[in-house]
Every structure is written in structure tokens, then in C-alpha cells.
Amino acid sequence: MRRQLVRYVGAGLAALLVVSSRATAADSAKPIVAIVDFDATPSGRLLPPPQLGETAAQLMLDRLVASGAFRVYDGHWLQYQRRDTDRRDRLETVRAGAESAGVDYLLLGTITRFSEERRNRAFGGGVFRFPILGGMHRQRAELAVAISVRLVDTRSGEVMTTATGMGTAIRTNVGLGGAGLLRAGGVGGFSNASSDFRDAQLDEAIRRSIELASVELITAGRRLSEAPAGQR
């Protein structure tokens with residue numbers, strides 16, 4: 001009985017080691033990528049929030065980790081310490097650090113568009129069933145964020161793949177100019193817009209753009225995993 005138990009335990013351990021070694025081999029075949037904070041250089045007069053590039057990089061990191069197509073390193077430990085140096089010098093510092101750490105590729109991204117469009121439409125009081133002083137106005141706000149990313153070989157500088165994504169988020173604000181017909185009372189009127197709706201709108205737009213771009217990157221990562229090491 002004891003001998004049979006030892007055999008079963010030994011067989012189980014051997015099977016576990018085989019599975020573990022296969023998983024380790026599969027993980028080692030995955031390309032290693034480090035993600036650098038995105039640049040934010042959109043055209044136009046509307047400036048993006050100062051931390052949008054860092055947020056975009058973090059969202060992309062989450063997507064690539066969840067996909068399992070890459071071994072993903074946190075790029076912050078490769079980031080330059082001084083922000084006032086020339087951009088070319090900063091990228092060279094990051095590239096050298098990634099190469100020495102065994103990182104195969106750097107993921108570089110740029111926020112290429114950050115725009116907002118608002119449309120207003122007013123309706124007179126006569127179109128309503130009840131007389132409302134001032135009528136109704138409707139404001140439609142559309143926020144668009146576009147990104148462009150590239151996967152760059154840390155040794156040769158070759159661009160292995162590129163991807164783009166654009167996300168939009170739309171919010172509608174309906175306002176009524178009232179004269180005692182609303183619960184709020186008074187002549188101030190009513191609006192259904194929340195105070196933080198623009199933050200939610202921005203979050204939705206950047207997440208959509210990251211999701212679209214990540215699809216192409218994940219496909220490229222799986223292709224690189226299947227290619228021989230010398231052909232990546």
C-alpha cells in the first residue's frame with residue numbers, strides 16, 4: 001500500500017514538473033516589452049491633461065498583461081530622472097537601460113489627437129405641452145482621443161509593428177428654463193449634467209483608443225512568439 005502511494009505521488013510530481021517546464025518554456029518564448037509613458041503632442045488649441053500620457057501607458061500595460069502575448073516590464077524604472085533634457089537623449093537613455101535589462105522591445109506611444117466639439121440646440125417654449133419660460137436647450141459634447149504606437153527593437157531600432165486607435169465619447173446635457181414648474185423652483189432652470197461628466201468622458205475615450213490599438217499589438221506579439229529567436 002505504501003509503495004503504491006509512493007508511486008502515485010512520484011508520478012504526480014513528474015507530471016507537475018513536465019507541465020511546469022512546458023509553461024516556463026512558453027513564457028520564455030514570449031517577447032519582452034517595456035512600455036514608456038506616451039508623448040502628448042496633439043495638434044490644435046485644446047491641451048490634454050498633463051498626466052494623460054502616463055495614464056495611457058498604464059492602460060496599455062494592463063491590456064498587454066491581460067492578453068498574455070508579452071512579458072511586460074514596468075517602464076517607469078527605465079524612465080529618465082530629469083525631464084528637462086533633450087527628448088532624443090532621454091530616449092537613448094531608456095533604450096540603453098532596456099537593452100541591458102534584456103528587454104526585447106520598447107513600446108513608444110504618442111497621443112496624436114485631443115479634441116472636443118460642442119453643439120447647442122435650443123427649443124422654444126411653444127413646442128411643449130406645458131408653457132415653460134425659456135424653453136429647452138440641448139448641448140452635445142463629443143471628446144475624441146487618438147493614439148499612435150510603435151514596437152521598436154531595442155538592439156537594432158527596427159520598428160516591428162505600428163498601431164493606431166481613436167476613441168470618442170459623447171455626452172448630452174439637456175437643460176430646461178423654468179418658472180416654478182420644476183421641483184428645484186425659481187427661474188434658474190434644471191440640467192441633467194453631472195459635475196464630473198467630462199472626467200468620465202475622457203476616461204471612456206482614452207480607454208477605447210487603447211483597446212483598438214492593443215488588438216494589433218497583441219496579434220504582433222503572438223506572431224513574434226512563434227517566430228525563431230533570430231528572426232524576431
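Colleague: Why is Ser214 called buried?

Modeller: This is a predicted model, and all values are computed from it. The relative accessible area of Ser214 is 0%. Buried means under 20%. The value of 0% falls under that cut-off, so Ser214 counts as buried.

Colleague: Where is Ser214 placed?

Modeller: Ser214 sits in helix H4. That helix covers residues 197-226.

Colleague: Which residues is Ser214 in contact with, leaving aside its neighbours within four places in sequence?

Modeller: Met60 and Arg63. Both belong to the part of H2 that meets H4.

Colleague: Which residues of H2 and H4 meet?

Modeller: From H2 they include Leu52, Ala56, Leu59 and Leu64. From H4 they include Leu202, Ile206, Ile210 and Ser214.

Colleague: How many nonpolar, polar and charged residues has the contact of H2 with H4?

Modeller: There are 12 nonpolar, two polar and four charged residues. Arg63 in H2 and Glu211 in H4 take part in the contact. Arg and Glu count as charged.

Colleague: Now for Gly53. How do you know that Gly53 counts as buried?

Modeller: Its relative accessibility is 5%. The cut-off for buried is under 20%. Since 5% is under 20%, Gly53 counts as buried.

Colleague: Which helix holds Gly53?

Modeller: Helix H2, residues 52-67.

Colleague: What is Gly53 in contact with, leaving aside its neighbours within four places in sequence?

Modeller: Gly53 is in contact with Asp37, Phe38 and Ile111. Thr110 is 57 residues away from Gly53 along the chain. The C-alpha atoms of Gly53 and Thr110 are separated by 7.7 Å.

Colleague: Step back to the whole protein. How many helices and strands does the secondary structure of the protein have?

Modeller: Four helices and seven strands. From the N terminus on, the elements run α-β-β-α-β-α-β-β-β-β-α.

Colleague: What share of the residues of the protein count as buried?

Modeller: Of the 232 residues, 33% do. The accessible surface comes to about 14,300 Å². Carbon and sulfur atoms hold 53% of that surface.

Colleague: Among contacts between residues at least 6 apart in sequence, what share join residues at least 24 apart?

Modeller: 73% of those contacts do.

Terms used
Residues are numbered from 1 along each chain as its sequence is written. This is a predicted model: local features need pLDDT of at least 70, side-chain atom pairs count only at pLDDT 80 or more; totals for chains, interfaces and linings use all residues. Side-chain values use heavy atoms; hydrogens and water are left out. Helices (H or I, at least four residues) and strands (E, at least two) are DSSP runs, numbered from the N terminus. Buried means under 20% relative accessible area, exposed over 50%, partly exposed in between (1.4 Å probe, protein chains only). Contact means heavy atoms within 4.5 Å. Accessible areas come from the Shrake-Rupley method with a 1.4 Å probe; for residues, only the protein chains shown count as cover. Axes are lines fitted to C-alpha atoms, for helices over the stretch in contact, and angles run from 0 to 180 degrees between N-to-C directions.
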